[in-house]
Amino acid sequence: MSEPSSPRIVIVGAGPAGIRAAATLVDAGLHPVVIDEGHRAGGQIYRRPPAGFVRTPEQLYGFAADKARALHLLFDRMAEEGRLTYCARSSVIAVHEGRLHVLGEGGAEVVFYDRLILATGASDRVAPVPGWQNAGVFSLGAAQIALKAQGVALGQRIVLIGSGPLLTLVGMQLLKAGADLAAVLDTSSWRQQMRGFWGLAARPIVALRGLALRARLGRRYHAGVTPLQIEANGRGVTGMRWRDAGGRERVTPCDMIGIGWHLRAETHLTDLAGCAFTYDEQWRQWLPKTDRMGRAGNGIYLAGDGARPVGADGEANRVKSLSRVGMGRCQGRYCQLAAAELIAAHAGCRPEDVGRFRGQAPIRPAPIGAFLRES
């Protein structure tokens, strides 16, 4: 009797979650097929430009440059060693009874699977603003893709409007790239933002980074605004009409507008695969149901922001920064294992899926004087 063949496992998405899923399978001796729309693995947050691009990882990813490099290297090594099959520039357009309908550079084809991991990530949450159908209006994510993947700004004079971390991040990225950024209009008030700031007291670096971005944007940044109208002529956008926090109506001339209000989990393929959903009050979105193994039924597994938007750093260290577990005198030497068990039980996953705390110096209590050098 012949040995049973290995199950055909397909991963949709080559962002942080898809890459980590592929690495786990490869380490277990399996050979997954990874399908992704990008021309190179990395996803949106660690999107890579074409070969020969002159901007450095530090310029593209900022403080996350080292993480991006490590993730890219991991995936490239697995692909070069033939330990996975990578289908780049390919879009899964339908799922039905163990079959994926894929549209790639060579045309349409059907890919069969025994197990399917959907790591489809998140996309912009947009809201209709009068005039948003005009040429020159893009989502914040689209503006970021153009900047990272092609090194271009989508307009000569730009206005961004919305709320959430991506708003100020994209604004700062455009500014650093030399774009003419006319205004960053935040629909959340300073009072709302300060409430959120104190909610991030356990994550001072994240909170302070957000404030620093706003400060570096200077007079371009306005909080508590109300969008009124995107003005346009027959050729496209000409300006953004808005009301400031004091009630004064203003118009900012521009030829490109980026809009976005936080993110939403990308769940279309999960829906087509027949998975069950439940409405989540926190995210104000229908999200798929999964068990503690990430299973959504019918051989479907979910990974990353496609299940719930948590970002590239959703693991033990996210809980560490929120709750300060592992940041006491023992630096996690005694509490780390117990914390991992508690996180896994609460999140419905295995302790090994939680990850581990990053080491911090000093590994044992030491006086400040030990780190001071004599002048």
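Guide: A residue is called buried when its relative accessible area is under 20%, exposed when it is over 50%, and partly exposed in between, computed with a 1.4 Å probe on protein chains only. The model before you is predicted, and local features are described where pLDDT is at least 70, with side-chain atom pairs counted only at pLDDT 80 or more, while totals for chains, interfaces and linings use all residues. Residues are numbered from 1 along each chain as its sequence is written, and side-chain values use heavy atoms, with hydrogens and water left out.

Visitor: Which residues of H5 are called buried?

Guide: In H5 the buried residues are Leu166, Leu167, Thr168, Val170, Gly171, Met172, Gln173 and Leu174.

Visitor: What makes threonine 168 buried or exposed?

Guide: Threonine 168, which sits in helix H5 at residues 165–176, has a relative accessibility of 1%, and therefore counts as buried. Once its neighbours within four places in sequence are set aside, threonine 168 is in contact (heavy atoms within 4.5 Å) with Leu213, Arg214, Leu217 and Tyr221.

Visitor: Why are H4 and H5 described by the word they are given for their relative direction?

Guide: Their axes, which are lines fitted to C-alpha atoms over the stretch in contact, with angles from 0 to 180 degrees between N-to-C directions, come within 10 Å and cross at roughly 30°. Angles under 35 degrees count as roughly parallel, over 145 as roughly antiparallel, 65 to 115 as roughly perpendicular and the rest as oblique, so H4 and H5 are roughly parallel to each other. On the H4 side the contact is made by Leu140, Gly141, Ala143, Gln144, Leu147 and Lys148, and on the H5 side by Leu166, Leu167, Leu169, Val170, Gln173 and Leu174. Sorted by class, these residues are eight nonpolar, three polar and one charged, where Ala, Val, Leu, Ile, Met, Phe, Trp, Tyr, Cys and Pro count as nonpolar, Asp, Glu, Lys and Arg as charged, and the others, Gly among them, as polar.

Visitor: What is the angle between H1 and H3, and how far apart are their axes?

Guide: Helix H1 (residues 16–27) and helix H3 (residues 65–80) pack at about 45°, with axes 10 Å apart. That angle makes H1 oblique to H3. In this packing, Pro16, Ile19, Arg20, Ala22, Ala23 and Val26 of H1 meet Leu71, Leu74, Phe75 and Met78 of H3. The residues of this contact comprise nine nonpolar, no polar and one charged.

Visitor: Which residues of H3 are buried, and what do they pack against?

Guide: Ala65, Ala68, Leu71, His72, Leu74, Phe75 and Met78 are the buried residues of H3, and they pack against H1, strand S2 (33–35), helix H2 (57–61) and strand S3 (85–87). H3 is followed by glycine 82, whose phi is positive, near 70°.

Visitor: What makes alanine 153 buried, partly exposed or exposed?

Guide: Alanine 153, in the loop between helix H4 (140–150) and strand S10 (158–163), has a relative accessibility of 34%, so it counts as partly exposed. Apart from neighbours within four places in sequence, alanine 153 is in contact with Ile158, Leu174 and Ala179.

Visitor: Why is arginine 89 placed in its accessibility class, and why is glutamate 97 placed in its own?

Guide: Arginine 89, in the loop between S3 and strand S4 (91–96), has a relative accessible area of 45% and is therefore partly exposed. Glutamate 97, in the loop between S4 and strand S5 (99–104), reaches 67% relative accessibility and so counts as exposed. Phi is positive in arginine 89, near 50°, and in glutamate 97, at about 50°, although glutamate 97 is not a glycine.

Visitor: What share of the protein chain is buried?

Guide: Of the 375 residues in the protein chain, 41% are buried, and the chain has 11 helices and 21 strands.

How values were computed:
Helices (H or I, at least four residues) and strands (E, at least two) are DSSP runs, numbered from the N terminus.
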